[in-house]
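Colleague: Hi! Could you walk me through this structure before class?
Modeller: Happy to, let's open it up together.
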Amino acid sequence: MSLYRSDRNLLVILRILSALSGAVLILIVGFLLLEALPILNQIGWWRFFSDPGWYPTSQQFNLTPMVVGTLLVTLGAVVLATPLGVLSAIFCQYYAPKAVATVYRRLIELLAGIPSVVYGFWGLVVLVPMIGRLHPPGPSLLAGMLILAVMILPTVMLVTDSSLAAIPPHYWKGSQALGLGTWATVQGVCLPAARSGLITGVMLATARALGETLAVLMVCGNIVQVPQQVFDPVRTLTANIALEMAYALEQHRAALFVSGLVLMIGVTVLVLVSELLQPQS
Amino acid sequence: MNRGTFLRLMPLGFALALGLQACNSTSASNASSKLVLTGSSTVAPLTAEIAKRYEQENPSARVDVQSGGSSRGIADVRQKVADIGMVSRSLNDQETDLKAFPIAKDGIAIIVHKDNPIGQLTEEQVIGIYTDKINNWSQIGGQDAPITVVNKAEGRSTLELFLKHFKLESPNIKADVVIGDNEQGIKTVAGNPNSVGYVSVGTAASQVQTGGTIKLLPLNGVVASLETVEDGTFPLSRSLTLITSGSPTPAQQKFLDFAQSQQVHDIVQEQYFVPLS
């Protein structure tokens, strides 16, 4: 098949632009590696998981508590936000009157646009003292999970909503013709048909939760420890970088780039897993 | 404009941009009228105000102030990325390659919530609290409530000075909350009646004046205030410093002289720091 000239030009432009976008990622990973390599060569990977603690100015670089903290905060947020988001989308698509659904969708979009520092500030002055009265100290894993859940809810909701909207209408008609009710159709036909969109939504939300820094920094307490319960403070990898970057020198600075690298590896694993979960077509 | 003209004009645009760029850099290096300052987030707001007045009085001068932490100030000055660095402490023994120009003094005060009945803490009590030997306010005469210990993040100058004063090691501190800058520390303590933390005296005093829900505790019986920092009786103080790598150039010297002069004392006081006399 031969292409028209304008098509060929467009193809070239598109190739260049997509190569550029890909290069950005490669540059970032390359930079992270470059900055982290000196310390990795000096003390190796293993010490980042075997040292007695995280005291970079005293040459101790254990990242494990922060990896655990990051995973727990993210997991908690996703577990809380996914059912809420999916059910909101179902409500919007199949149960709400058209006018209500439109207003509701706009509201959720607005929720997605609120800057994370606003969430963090609200968390610090309202949520944290509330948790503190329930079980001191207040800044905790729980606070981080709740704040992040609110922050990623719009992502889950909006992506699910649009993939439900994209289901061909004859699925719905066919199901009605078989005499199935609304809920039976939703959970038996629509949700499975929208599965790939659903997984994408949850994956995007998880990635956002993993990478969120400021709000987590403000409400989680930032103690480097493996939490025993939801009321214990934790520190995430992102908060670690944000807290210490400004004052870090030499090895300490390189160690922070290693935490960035570990975070990057985490996100990569997440993308791979979601790729495996996608239904093959 | 059609595509042809656009494509023909593009190289011209590039050339223009490059030319302007070249112009810019030569004029800056010839006159040396542009100064770049980077460093401590405590010193940056103060320096920015000083720089504003300096530019007003020297219309040809441009002073660019960027925050980023004391370590950035030191690193940037060493790598010659910045002309002057800002550091919220005095220089230590490993930093003899740098020249220090103190511009103001600041102290570090222990703060608690306003509703906390505790009026003062001895040094032993502070050490006990931060090493988790004392973990309930009732042990030192307060209410029966667990103590929430607020600590600074690793690497911060305030933490360094605090540790040095109380002869503590970072791994021995058992904190409940770790915070970044002073404002975050104050918000955390203000939101939790059972917490204790330490922040810049200047920042804390300004919060108290504007009706914040914190109070400053005296240290060794000395009230934490700008007055005691000024007369040198407050035991935990630090100097806010501008640094250069080696001897300053005339342009740098001119700004440093200005920043150390009487002309900026009102700015220093406005920012709740103590001017050097």
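Modeller: Before we start, please keep in mind that this is a predicted model. Chain B has 10 helices and 10 strands.

Colleague: How much of chain B counts as buried?
Modeller: Of its 277 residues, 50% count as buried. The accessible surface of chain B is about 12,900 Å², and carbon and sulfur atoms hold 52% of that.

Colleague: And what about contacts in chain B between residues at least 6 apart in sequence: what share joins residues at least 24 apart?
Modeller: That share is 73%.

Colleague: Which way do E4(B) and E7(B) run, parallel or antiparallel?
Modeller: Antiparallel, with five bridges joining E7(B) to strand E4(B), residues 98–113. You can find Ile108(B) opposite Ser200(B) of E7(B).

Colleague: And in which sense do E5(B) and E7(B) pair?
Modeller: In the parallel sense, over two bridges; strand E5(B) covers residues 148–152. There, Thr148(B) has Ser195(B) of E7(B) as its bridge partner.

Colleague: Switching to chain A: why does the span of helix H6 agree with its number of residues?
Modeller: H6(A) has 25 residues, 141–165, and at 1.5 Å a residue they should span 36 Å. The end C-alpha atoms are 35 Å apart, which agrees.

Colleague: Where does H6(A) bend?
Modeller: At Ile152(A), by about 35 degrees. A proline, Pro154(A), follows within four residues.

Colleague: Is H6(A) largely enclosed, or how many of its residues are buried?
Modeller: 18 of the 25 residues are buried, so H6(A) is largely enclosed by the rest of the structure.

Colleague: Which residues touch the most other members of the largest nonpolar core?
Modeller: That core has 43 residues, and the ones touching the most other members are Ile147(A), Leu148(A), Ile152(A), Leu164(A), Leu191(A) and Val219(A). Several helices of chain A each supply at least two residues, including H3 (64–95), H6 and H8 (182–193). The largest share, 11 residues, comes from H6(A).

Colleague: What does Leu191(A) touch, leaving out residues up to four places away in sequence?
Modeller: Val86(A), Ile90(A), Leu164(A), Val186(A) and Leu198(A).

Colleague: And what is in the second core?
Modeller: That separate core has 41 residues, among them Leu217(A) and Ile223(A) from chain A, plus Ile118(B) and Val222(B) from chain B. As a general point, nonpolar side chains tend to be buried together in soluble globular proteins.

Terms used. Residues are numbered from 1 along each chain as its sequence is written. Chains are lettered from A and ligands numbered from 1 in the order in which they are written. This is a predicted model: local features need pLDDT of at least 70, side-chain atom pairs count only at pLDDT 80 or more; totals for chains, interfaces and linings use all residues. Side-chain values use heavy atoms; hydrogens and water are left out. Buried means under 20% relative accessible area, exposed over 50%, partly exposed in between (1.4 Å probe, protein chains only). Contact means heavy atoms within 4.5 Å. Accessible areas come from the Shrake-Rupley method with a 1.4 Å probe; for residues, only the protein chains shown count as cover. The expected span of a helix is 1.5 Å times one less than its number of residues. The bend at a residue is the angle between axes fitted to the seven residues ending there and the seven starting there. Two strands pair if DSSP finds at least two bridges between them. A nonpolar core is a set of buried Ala, Val, Leu, Ile, Met, Phe, Trp, Tyr and Cys residues joined through side-chain atoms within 4.5 Å.
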